[in-house]
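Dear colleague,

Please find the structure below, together with its sequence. My notes on it follow.

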Amino acid sequence: MKLKITLILALFTLFAANAQNEQCMEKLSIFTEAAKVKNYDAAYEPWMHVRKTCPKLNNAIYVYGERILKSKIKKSAGAEKTAYTNDLIALYRESMTHMPNKFPCGKTEAKIGQLMFDENIGTPEAQFNTFDKAYNTDAKTFNNPKALYTYFKLMVGLFDSGKKDFQSLIDLYSTITDKVEAEQKNYSGKKDALLLKEEKGTLSSKDAKRLKSYDSFLVAYDQISGGIDKDLGDRANCDKLIPLFEKNFEENKTNASWLKSAASRLAGKDCDDAPIFVKLVEAFHNIDPSANSAYYLGRLNEKKGSLSEAEKFYNESAALHTEGFEKAKLYYRLALMNKKRGRVGQAYNYANKTLNAQPSFGKAYLLIAGLYASSANNCGTTQFEKRATFWLAANTAEKAGRADSSLKRSAAKTAANYRAKAPSKQDIFTEGMAGKSVTIKCWINKTVTVPTL
């Protein structure tokens with residue numbers, strides 16, 4: 001008799017579970033279709049049923065649930081808005097519990113921190129601690145540019161209010177700037193690969209979407225990088241950094257990671273003429289002769305005015321680096337250094353090396369365009385040939401905007417300025433040069449096609 005009752009209960013439980021699952025599937029279909037057309041009010045009730053009844057059924061519960069609740073938050077106010085905001089925080093936590101592989105801690109906790117900040121939920125300490133937990137638990141997936149910026153901004157506020165010390169401020173600044181640079185390397189590498197495909201004419205529609213996405217991330221990281229430095233400002237100037245690193249040098253003089261970070265911070269704030277910087281670099285190079293230590297030796301020599309030595313160390317550093325992102329930064333620095341010294345040809349060669357290492361380094365195109373423009377009077381025999389150089393400069397400046405979206409406006413403005421200095425339509429007609437080619441001589445040695453009338 002007991003066995004029969006057990007079997008009946010088991011069958012009943014199974015039938016009930018199947019019925020529940022079928023109902024969840026039906027309501028899942030209803031709310032996803034409504035959410036797809038942004039009818040979030042219609043989606044809310046069936047979505048809540050599935051969320052509460054079958055939380056592991058499908059990741060759509062959390063993807064569309066986020067959109068549904070954000071819509072509710074946007075349309076509400078006061079206590080109702082706070083309730084929806086808290087429910088979205090709860091949803092984020094549920095997603096990590098029920099589907100941790102699809103909703104990792106770093107990314108999701110950072111969303112919670114950002115929502116708390118945006119909607120003024122909790123104290124600044126609580127908001128900061130949420131970001132801190134996200135980063136320390138899962139830094140890999142904590143890569144949203146806005147969240148990284150907010151994380152640091154909260155640290156600055158806590159430092160200003162005396163709740164965080166200077167060492168904590170500098171440590172987090174180092175952590176986040178390193179993270180931003182790592183993400184820039186990642187997306188630059190992906191973008192460069194697609195730019196090469198675009199140049200060959202093999203870019204697919206999916207690739208084009210990826211290229212646009214990578215570009216938007218790079219623009220965002222560039223913006224927050226500037227914002228982080230601006231927020232740090234004079235809170236960490238040379239007068240504050242130098243005593244800190246002098247104080248901690250002895251106990252860290254064999255710690256390559258600390259030496260690298262300290263040298264980086266001083267170099268970033270142009271404190272590289274301080275005696276402690278020399279000590280840091282020499283200790284770093286003795287422990288771990290590397291691309292980074294060679295770079296800092298280059299900085300030391302550049303500061304002293306030993307430019308040939310500086311160039312030697314920068315080239316050594318570029319040769320030791322394996323990533324195009326790092327090589328490009330060094331070659332661009334060398335291009336600028338040679339431009340300042342009036343070594344136009346060498347500056348041009350280094351700018352080209354920059355682009356070979358990283359095709360998306362748009363600033364190098366602007367530098368080359370400037371070199372062309374500055375050489376116009378020296379690279380032509382007739383007035384028409386000299387002014388034709390500005391067409392080449394304009395064409396090159398425009399490439400900067402295509403390579404780096406953050407430069408589109410300045411590249412277009414620069415190109416327009418160069419075109420205004422090129423031969424006019426009247427000049428082209430008078431010389432009978434429409435559609436013909438002009439070779440720009442001397443170090444440039446490039447051919448440019450004259451516009452047709």
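Helices here are DSSP runs of H or I with at least four residues, strands are runs of E with at least two, and both are numbered from the N terminus. This is a predicted model, in which local features need pLDDT of at least 70 and side-chain atom pairs count only at pLDDT 80 or more, while totals for chains, interfaces and linings use all residues. Residues are numbered from 1 along each chain as its sequence is written, and side-chain values use heavy atoms, with hydrogens and water left out.

K38 is found in the loop between α1 and α2 (40–53), and its phi is near 65 degrees, a positive value in a residue other than glycine. Most residues other than glycine have a negative phi. With a relative accessible area of 64%, K38 is exposed (over 50%; buried means under 20%, partly exposed in between, with a 1.4 Å probe and protein chains only). N120 sits in the loop between α5 (105–118) and α6 (124–137); its phi is near 55 degrees, again positive in a residue other than glycine. N120 also counts as exposed, at 63% relative accessibility.

T32, by contrast, belongs to helix α1 (residues 2–36) and counts as buried at 11% relative accessibility. T32 touches A60 and Y64 (contact means heavy atoms within 4.5 Å), not counting residues up to four places away in sequence.

Two helix pairs deserve a note. The axes of helix α13 (residues 291–304) and helix α14 (residues 307–320) come within 8 Å and cross at roughly 165 degrees. Axes are lines fitted to C-alpha atoms, for helices over the stretch in contact, and angles run from 0 to 180 degrees between N-to-C directions. The two helices α13 and α14 are therefore roughly antiparallel (over 145 degrees; under 35 is roughly parallel, 65 to 115 roughly perpendicular and the rest oblique). The axes of helix α8 (residues 166–200) and helix α10 (residues 238–252) come within 12 Å and cross at roughly 95 degrees, which makes α8 roughly perpendicular to α10. In this contact, F166, Q167 and I170 of α8 meet K240, L241, L244 and N248 of α10.

Yours sincerely
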